[in-house]
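Please look over the notes below alongside the model. They are set out as numbered points.

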Amino acid sequence: MFAFINIFIDVLLPVFGIVILGFLVGGKIGVQARSVSRLAYYIFVPAYIFQSISTSSIAISETIKMTCFIVLAQVLVAVFAGIMARLLNKSREMIVAYIIVSIFANVGNYGLAVVHFHLGEAGLAPATIYFVVMSISQLLIGVSAAGWIRGGNKGALVNVLKTPALVAVIPALLVSSTGITVPLAISRMVGLLAGAMVPTMLFTLGVQLLEQGKIKFSRDVILASSIRLLISPLIAYAVAMPFALEHVQYVSGIIQIAMPTAIMAAIVAKENDIAPNFVNTSVLFTVLVSLLTLPLIMLMFSSAS
């Protein structure tokens, strides 16, 4: 019990405190979530990705293993969510909504901060790799699922590959693998921008939750949220074993995949008119419930070998 409380206070409370600040203050000072999130999307996130990966000491072979592990885990989570919704005789729209809620994990702001506080600097490099890979794969899965019932979306799939975060990966890997020295002025500028990413995105998350509007909890919200918060890390743990990842690599991956549903899920649902109220409610529900589930996940797996 003491360990649970310690994780809650030292790891989650600092992170969630900024979210609450955004929720309480953002609207009063006129902050618009879309404007700030676009700033983070195009500037802060690529800077963070470049800094983290370019200075990482993780070998390419390990990166490939981590990528295969987390992509496989996400695909299995999507399949599990789809099968459960089908067994419950849900409509095609709700099947896709289940998949969207289950697959979109908040790995960028929430996940990176939690991994950092829980595992220290050693966890940031693998957590950043998972952030990039999961962000891309969950968009591909989510948009593809939406296209299953709405048709098209080929352009959206192509646009995923043009995201600033992905573009930043290429020069970052080049610097990391070749040992190229980045000019000090550029390195410092990138460092300052990267440092702004997590607090900005956490504050924006609070503003976005404020803008969610009317919510209504239901059985479907609880079931889909349970897949996101509880089933996902269990699937990831099972998948990680044959990859023989280092302890900090698989723990950071499990923590990342155990994150609450990201706001991006609500955006995809709204753009494709796929049960937007259900998805919006699930986003808020998972964020709140994650205050209980994440300490349990960290206690369960951080000590596992």
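This is a predicted model: local features need pLDDT of at least 70, side-chain atom pairs count only at pLDDT 80 or more; totals for chains, interfaces and linings use all residues.

1. Helix 1 and helix 5 cross in a right-handed manner (the near helix is turned clockwise from the far one by less than a right angle).

2. Numbering runs from 1 along each chain as its sequence is written, and side-chain values use heavy atoms, without hydrogens and water.

3. The second largest pocket has a volume of about 290 Å³. Its lining has 20 residues, and Ile53, Thr63, Ile129, Val169 and Leu173 are the closest to its centre (lining residues have an atom within 4 Å of a point on the 1 Å grid).

4. Which helices each supply at least two residues of that lining? They are helix 2 (33–54), helix 3 (60–87), helix 6 (121–150) and helix 8 (164–178). Helix 6 gives the most, with six residues. By class, the lining has 13 nonpolar, seven polar and no charged residues.

5. Helix 13 spans residues 263–271, and its buried residues include Ile263, Ala265, Ala266, Val268 and Ala269 (buried is under 20% relative accessible area with a 1.4 Å probe, protein chains only). Just after helix 13, aspartate 273 has a positive phi of about 55 degrees.

Technical notes
On a 1 Å grid over the protein atoms alone, a cavity is a set of points where a 1.4 Å probe fits but cannot get out, and a pocket is an open set with protein on both sides within 12 Å along at least five of seven lines; lining residues have an atom within 4 Å of a point. Grid points are joined across faces, edges and corners, and a volume is the space filled by probe spheres set on the points. Helices (H or I, at least four residues) and strands (E, at least two) are DSSP runs, numbered from the N terminus. Ala, Val, Leu, Ile, Met, Phe, Trp, Tyr, Cys and Pro count as nonpolar, Asp, Glu, Lys and Arg as charged, and the others, Gly among them, as polar. Buried means under 20% relative accessible area, exposed over 50%, partly exposed in between (1.4 Å probe, protein chains only).
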